[in-house]
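Please read the numbered points with the sequence and the model at hand.

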Amino acid sequence: MFTLEECRQADTRDPLGPLKQRFSLPDGVIYLDGNSLGVLPNTARARSTEVIDQEWGVGLIRSWNTANWFELPSRLGNKLGQLLGAHEDEVVITDTTSLNLFKALAAALRIQQETRPQRRVIVSERDNFPTDLYMIQGMIDFLQQGYELRLIDDELPLEAALDEDVAVLLLSHVNYRTGALYDMAAVTAQAHQYGVLTIWDLAHAAGAVPVDLNGADADFAVGCTYKYLNGGPGSPAFIWVSQRHQDRFWQPLSGWWGHQRPFDMATEYQPATGIRRFLCGTQPILSMSLVECGLDVALEADMDQLRAKSLALTDLFIALVEERCKGHPLTLVTPRDHQKRGSHVSFRHPEGFAVMQALIARGVIGDYREPEVLRFGITPLYLGYADVWNAVDILKDILDSRSWDKPEFKERTSVT
Ligand SMILES: *Cc1c(COP(=O)(O)O)cnc(C)c1O
C-alpha cells in the first residue's frame, strides 16, 4: 500500500502536476467536488474585469462586434469540441443542460416522426440524473402524442429495453451518483441497430474522460461547463449535434439567435444552417466569457495523461479507503473495472450524510447524494496523489473517532 511519502514522490513525477498552479484553491481545503462545481481558474479574475470594465463599460453595444460577443457561443463551442471528438461547427455553448436536453429531444423525436413515425417510446435510465427524466416527462406531456418513458434498471437491462418501438435513447455517459461509465460507441451501435437515435448527457464526462462523439457515431449530446470544465457557477451549457442531423429539423425554441440573419428582423423564422440554429435568445456574455478560462487549461492537458491520472487517483482512493477504513460500513458503488469508471468515486455509508458534513468541517469537500452515498470527485487537473492520501487520512480519523456522530452534522438544513 502507498505511503504518504510515496504519494508525494508520485506527485513530483506527475506530468500534469504543474497545472494545479493554474487554479486558485483555498488553503486548508482538499476539493473533491469538482464534478459538481469546478474551481476558479486564475485567469478568470482578470478576464472578468476585462469583460466588465472594457467590453461592457467602454465598448458598450459595439462589443457585440468589436469583442466578438456574437460569435462567443460558436467560438467557444469549437474550442470545447476538441475535447469531445467534434468537428468544427458542431458545438455551441448556450443555455442550460436542461434546456439543451429539450432541444435535442425535440429534434430527435421530430426526425423520427419523419422517418419512423410509429415509434412512441423514449428509453432512459431509472438512475439517470433527475433533470434528464423530468425533461422527458415534460416533453411527453407537452406533445400529447402517446409517448411513453421506458426506464432501464436492474430488472430491465438495456438489451431488453431496445426494440423497434423506441424512438430515442437518452443516457448519461458517466452516472452522476455511481460514476459508472458507458461505452459510448458500443451502446450507440446497439441503439442504431434498432433505428434508435441517441442523446448523450456529458455533464460528468466532458473534461473528465475521453469522449469521441463522431468516432462513436453519436447523434446528439449535451452537457455542463461548470463541472469538470471549471466554467464557474451557473456557466452556460453546451449542445452537440452530428452534422448529419443539424439541418434536418429546426428545434422548437426557435428564438432570434437561431435565425439565419437575426438582424434582418424578418417576420418569418428561417433557421440558421448548422449548429447555430440550436441557439435561442441573447446569451449570458459575462458568464460565457469566463468559460474560456477553464477550457484553456483543459486543452493544455493531454487527454491520455488526464485519463491515466484519473484512473490512478481513483484506484488509489478506493484502495486506501478499503484498507485504512476497514471495519467501517463502507460499500463501494463505483465500478472497479477501468473501462466502466468515470472520474469520481462513491461509497455508501449508513450515516453518509453526517460523515460528509464532518469531512467538510475538516476541509475535505465532497458531497452527499441520496441514498447514503458519499461522492468524491477526483479531478486530475488540480488534485494530486498526496491530496488523495490526506483526504482518506481525515476520513479514517472521522470514522475511527465517530466524530460524525454529532447533532450539527445530522441536521439537514442546506440546499445541496
Ligand atoms: C449536473 C447535471 C445536469 C445539470 O443540468 P442543469 O440544467 O445545468 O442544471 C444535467 N444532467 C446531468 C447528468 C448532470 O449531472
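1. Helix 4 and helix 10 cross in a left-handed manner. The model is a predicted one, and the geometry described here is to be read accordingly. Helix 4 covers residues 72–81 and helix 10 covers residues 285–300. Their axes come within 10 Å and cross at roughly 20°. Because angles under 35 degrees count as roughly parallel, helix 4 is roughly parallel to helix 10.

2. The contact between these two helices involves Leu72, Pro73, Arg75, Leu76, Lys79 and Leu80 on the side of helix 4. On the side of helix 10, the partners are Ile285, Met288, Ser289, Val291, Glu292, Leu295, Asp296 and Leu299. By class, the residues of this contact comprise nine nonpolar, one polar and four charged.

3. Helix 5 (residues 97–115) packs against helix 6 (residues 130–143) at an angle of about 50°, and their axes lie 10 Å apart. The two helices are therefore oblique to each other. Helix 5 passes helix 6 in a right-handed crossing.

4. In this second pair, helix 5 contributes Ser98, Leu101, Phe102, Leu105, Ala106 and Leu109 to the contact. These residues meet Thr131, Asp132, Met135, Ile136, Met139 and Leu143 of helix 6. The contact of helix 5 with helix 6 has nine nonpolar residues, two polar residues and one charged residue.

5. How many disulfides does a search of the whole structure find? The search finds zero. A disulfide is a covalent bond between the sulfur atoms of two cysteines. The sulfur of Cys293 is 18 Å from the closest cysteine sulfur, that of Cys224, which is too far for a bond. For Cys325, the closest cysteine sulfur is in Cys7, at 14 Å, again too far for a bond.

6. Are Cys293 and Cys325 buried or exposed? Cys293 is buried, with a relative accessible area of 7%. Cys325 also counts as buried, at 2% relative accessibility.

Note on methods: Residues are numbered from 1 along each chain as its sequence is written. This is a predicted model: local features need pLDDT of at least 70, side-chain atom pairs count only at pLDDT 80 or more; totals for chains, interfaces and linings use all residues. Side-chain values use heavy atoms; hydrogens and water are left out. Axes are lines fitted to C-alpha atoms, for helices over the stretch in contact, and angles run from 0 to 180 degrees between N-to-C directions. Helices (H or I, at least four residues) and strands (E, at least two) are DSSP runs, numbered from the N terminus. Angles under 35 degrees count as roughly parallel, over 145 as roughly antiparallel, 65 to 115 as roughly perpendicular and the rest as oblique. A crossing is left-handed if the near helix is turned anticlockwise from the far one by less than a right angle, and right-handed if clockwise. Contact means heavy atoms within 4.5 Å. Ala, Val, Leu, Ile, Met, Phe, Trp, Tyr, Cys and Pro count as nonpolar, Asp, Glu, Lys and Arg as charged, and the others, Gly among them, as polar. A disulfide is a pair of cysteine sulfur atoms within 2.5 Å. Buried means under 20% relative accessible area, exposed over 50%, partly exposed in between (1.4 Å probe, protein chains only).
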